[in-house]
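Subject: Structure handover

Hello,

Here is the structure for your files. My notes on what was found in it follow below the display.

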Amino acid sequence: MCNHEPRCPGAEAADREAARLTAHHPEQGWSLLCNGVLLFEDTGEILPDGQVVAPHRAMPVKAVAA
């Protein structure tokens with residue numbers, strides 16, 4: 001899908017979220033990357049083959065009382 005240089009990481013690559021945006025709809029909470037990955041605001045993804053990747057947002061660190 002990617003037709004620019006350097007080529008973006010493929011949808012199966014670990015760094016797939018580094019691909020360029022082709023459509024961005026923050027009001028709806030999603031973006032389409034040039035590698036075909038549909039990226040959601042909550043960090044969930046749908047890959048071009050239909051595979052769902054669960055959200056993987058880092059959990060906030062809680063302060064520990066001393």
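Phenylalanine 40 is partly exposed, with a relative accessible area of 29%; partly exposed covers the range between buried (under 20% relative accessible area) and exposed (over 50%), using a 1.4 Å probe and protein chains only. Phenylalanine 40 belongs to strand 3, where a strand is a DSSP run of E with at least two residues, a helix is a run of H or I with at least four, and both are numbered from the N terminus. Tryptophan 30 is ten residues away from phenylalanine 40 along the chain, and their C-alpha atoms are separated by 4.3 Å.

Before the rest, some notes on reading the values. This is a predicted model, in which local features need pLDDT of at least 70 and side-chain atom pairs count only at pLDDT 80 or more, while totals for chains, interfaces and linings use all residues. Residues are numbered from 1 along each chain as its sequence is written, and side-chain values use heavy atoms, with hydrogens and water left out.

Overall make-up

The chain has five strands and zero helices, so the pattern read along the sequence is β-β-β-β-β. Of its 66 residues, 29% count as buried. The chain exposes about 4900 Å², of which carbon and sulfur atoms supply 59%; areas come from the Shrake-Rupley method with a 1.4 Å probe, and for residues only the protein chains shown count as cover. Among contacts with a separation of 6 or more, 19% are between residues 24 or more positions apart.

The five strands form an open sheet in the order 1-2-3-4-5, with antiparallel pairing; two strands pair if DSSP finds at least two bridges between them. Strand 1 and strand 5 (52-53) stand at the edges with a single partner strand each, so one side of each has no neighbour in the sheet. Strand 4 and strand 5 run antiparallel and are joined by two bridges. Within this pairing, glutamate 45 stands opposite valine 53 in strand 5. Strands of a sheet pair through backbone hydrogen bonds, either parallel or antiparallel.

Arginine 16 and glutamate 45

A search of the whole structure finds one salt bridge, meaning a side-chain nitrogen of Lys or Arg within 4 Å of a carboxyl oxygen of Asp or Glu. The partners are arginine 16 and glutamate 45, at 2.6 Å from N to O.

Setting aside neighbours within four places in sequence, the residues in contact with arginine 16 include Pro9, Leu33, Asn35, Val37, Leu47 and Val53.

Two loop residues

Asparagine 35 sits in the loop between strand 2 (30-33) and strand 3. Asparagine 35 is buried, with a relative accessible area of 9%. A polar atom of its side chain lies 3.2 Å from the backbone nitrogen of valine 37.

Threonine 43 is in the loop between strand 3 (38-40) and strand 4. Threonine 43 is not a glycine, yet its phi is positive, at about 80 degrees.

Cysteines

How many disulfides does the structure hold? It holds zero, a disulfide being a pair of cysteine sulfur atoms within 2.5 Å. For cysteine 8, the nearest cysteine sulfur is that of cysteine 34, 3.3 Å away. Cysteine 34 is likewise in no disulfide. Cysteine 8 counts as buried at 15% relative accessibility, and cysteine 34 counts as buried at 7%.

Regards

Definitions and conventions
Contact = heavy atoms within 4.5 Å. Polar contact = N/O pair within 3.5 Å; in protein donor to acceptor, adjacent residues only side chain to side chain.
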